[in-house]
Amino acid sequence: KGTQTSNPRSTDISSITFDDASFSAASIIQNRTVSSDRRLDIVAPSGKMCITLATPEQPGPAYVLAIQMDSPLIGKLHLNDKIVALDGEDVQRMMAIRVTDRLAKRSSNPERKITVTREGGVGGDQA
């Protein structure tokens with residue numbers, strides 16, 4: 001099983017995998033922020049996400065450290081995306097393990113909205 005990984009320093013790593021393999025296609029809604037970072041709302045399906053989150057050494061939101069090749073969010077989430085909200089709940093100050101726990105508790109929901117910030121302004125990488 002292949003995995004994309006990011007290599008920034010981290011103090012906490014948390015993997016998200018669920019047994020429920022059923023999922024529908026993930027969709028994405030893009031919003032722009034005033035800064036060079038883009039704010040994106042990613043709609044994740046129920047079940048297995050196959051991603052790893054990490055907590056940065058410096059204060060800041062948990063970020064995407066790895067995405068397994070069989071993740072339904074491949075091409076939607078990117079490495080180093082910062083997780084800032086889950087279903088509208090601000091999670092910017094939470095460690096990766098707490099964000100993972102919240103996602104796991106919502107795994108049976110038909111969909112989950114994951115709000116991220118991604119480096120790069122207009123003309124950056126595709127969402």
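**Entry 1: strand S7 and its neighbours**

I began with Lys82, which I found standing opposite Thr117 in S9. I note here that the model is a predicted one. I then looked up how the two strands run: S7 and S9 pair in the antiparallel sense, and 4 bridges join them.

I turned next to strand S8, residues 89-90, which also runs antiparallel to S7 and is joined to S7 by 2 bridges. Across this pairing I found Leu86 opposite Glu89 in S8. The hairpin of S7 and S8 has 2 residues between the strands, and in this hairpin Asp87 takes a positive phi near 50 degrees.

How many of the 5 residues of S7 are buried? I recorded 4, so S7 is largely enclosed by the rest of the structure.

**Entry 2: salt bridges**

I recalled a general point before going on: side chains of opposite charge can pair when their charged atoms come close. I recorded a count of 6 salt bridges in this model.

I looked up Asp81 and found its side chain in a salt bridge with Arg118, at 2.7 Å from N to O. Asp81 lies in the loop between S6 and S7, while Arg118 belongs to strand S9 (residues 111-118), so this pair ties together parts that are 37 residues apart in sequence. Are these two residues buried or exposed? Asp81 has a relative accessible area of 1% and is therefore buried, the cut-off being under 20%. Arg118, with 2%, is buried as well.

I then examined Lys48, which forms a salt bridge with Asp70; the closest N and O atoms are 3.9 Å apart. This pair links distant parts of the chain, 22 residues apart: Lys48 sits in the loop between strand S4 (38-45) and strand S5 (51-56), and Asp70 in the loop between strand S6 (63-68) and strand S7 (82-86). I noted Lys48 as partly exposed, with a relative accessible area of 23%. Asp70 is also partly exposed, at 34% relative accessibility.

Lys105 is exposed, having a relative accessible area of 63%. Asp101 counts as partly exposed, at 34% relative accessibility.

Key: Residues numbered from 1 in each chain as written. Predicted model: local features only at pLDDT ≥ 70, side-chain atom pairs only at ≥ 80, totals over all residues. Heavy atoms only, no water. Salt bridge = Lys/Arg side-chain N within 4 Å of Asp/Glu carboxyl O. Buried < 20%, exposed > 50% of the residue type's maximum accessible area, 1.4 Å probe, protein only. Pairing = 2+ DSSP bridges.
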